[in-house]
Amino acid sequence: ELEALRSNIAGSLPHEFLTPLSVILAASEILARHTDRLEPGEVPEIAERIHSSAERLHRLIKNFLLYTRLELAASDPDKAEALRGYGVSEARAVITEVAFHVAQQADRVTDLRLELGDATPWIGQVHLKKIVEELLDNAFKYSRPGTPVTVHCHAGNARIFTLSVTDRGRGMTAEQIARVGAYVQFDREEHEQQGQGLGLAIVNRLTELHGGELTNESSRGLPTTVNVTLPAHTA
């Protein structure tokens with residue numbers, strides 16, 4: 001497992017850091033050295049490329065640091081307690097806010113479907129937002145524009161909160177589902193994609209940290225549904 005992790009990090013991490021950094025360096029060099037040759041309308045366009053690449057790099061680094069903290073907490077009860085914190089979240093408001101933000105970034109607002117019941121899970125807003133963000137980012141990334149991405153949440157009678165995200169992307173095989181983890185990407189040669197493969201790994205660790213479970217229902221060519229179950233807060 002350690003050897004596989006080393007291989008995955010060596011294969012994905014440098015590429016994911018260097019790609020946005022290369023854009024930042026090239027675009028900023030144009031602004032620094034060739035400003036006199038640029039048309040007025042080109043400057044905001046170049047600045048936006050720098051900004052979007054910097055945001056991508058910032059998120060990559062934050063995810064790397066968060067996953068490291070979660071991995072350390074998995075084997076240290078004191079670290080887990082400190083990272084977990086305490087709190088409950090009004091799921092409808094949190095999910096709606098994050099879902100529209102991620103959909104806007106992906107230019108997929110018209111594809112977003114929300115089916116949100118009144119539910120309050122035992123998890124702080126920061127961690128719930130992160131779970132929703134990563135699940136939706138994956139759903140939009142691995143499905144085509146024009147296909148729906150559905151977010152559903154409810155609290156059952158067994159005091160269990162369930163969050164489900166469904167997309168109609170290319171799906172995953174049973175073997176790939178079993179291998180989901182940090183720095184693992186599938187079919188990269190066939191389907192170019194961004195990211196470190198940390199999304200589901202972070203969601204899984206955050207879910208476990210709060211006493212929940214993550215499951216993935218998917219087959220090649222069929223819709224993919226990722227379910228997160230957490231303890232629900234009941235009044």
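Me: Which strands does helix α5 lie across?
Reply: Helix α5 (residues 125-141) lies across β1, β2, β3 and β5 (224-231), at about 20° to β3. Angles run from 0 to 180 degrees between N-to-C directions, with axes fitted to C-alpha atoms, for helices over the stretch in contact. Contact means heavy atoms within 4.5 Å. Helices (H or I, at least four residues) and strands (E, at least two) are DSSP runs, numbered from the N terminus.

Me: What sort of model and numbering is this?
Reply: The model is predicted: local features need pLDDT of at least 70, side-chain atom pairs count only at pLDDT 80 or more, and totals for chains, interfaces and linings use all residues. Residues are numbered from 1 along each chain as its sequence is written, and side-chain values use heavy atoms, leaving out hydrogens and water.

Me: What order do the strands take in the sheet?
Reply: Five strands run β1-β2-β3-β5-β4 in an open, mixed sheet. Two strands pair if DSSP finds at least two bridges between them.

Me: Which ones are at the edges?
Reply: β1 (112-116) and β4 (213-217). Each has a single partner strand, so one side of each lacks a neighbour in the sheet.

Me: Parallel or antiparallel for β2 and β3?
Reply: Antiparallel, over six bridges. Ala155 has Phe161 of β3 as its bridge partner.

Me: New topic. At what angle do α2 and α7 pack?
Reply: Helix α2 (residues 42-74) and helix α7 (residues 199-209) pack at about 40°, axes 10 Å apart. That makes α2 oblique to α7; oblique is what remains after under 35 degrees (roughly parallel), over 145 (roughly antiparallel) and 65 to 115 (roughly perpendicular).

Me: Which α7 residues make the contact?
Reply: Ala201, Ile202, Arg205, Leu206 and Leu209.
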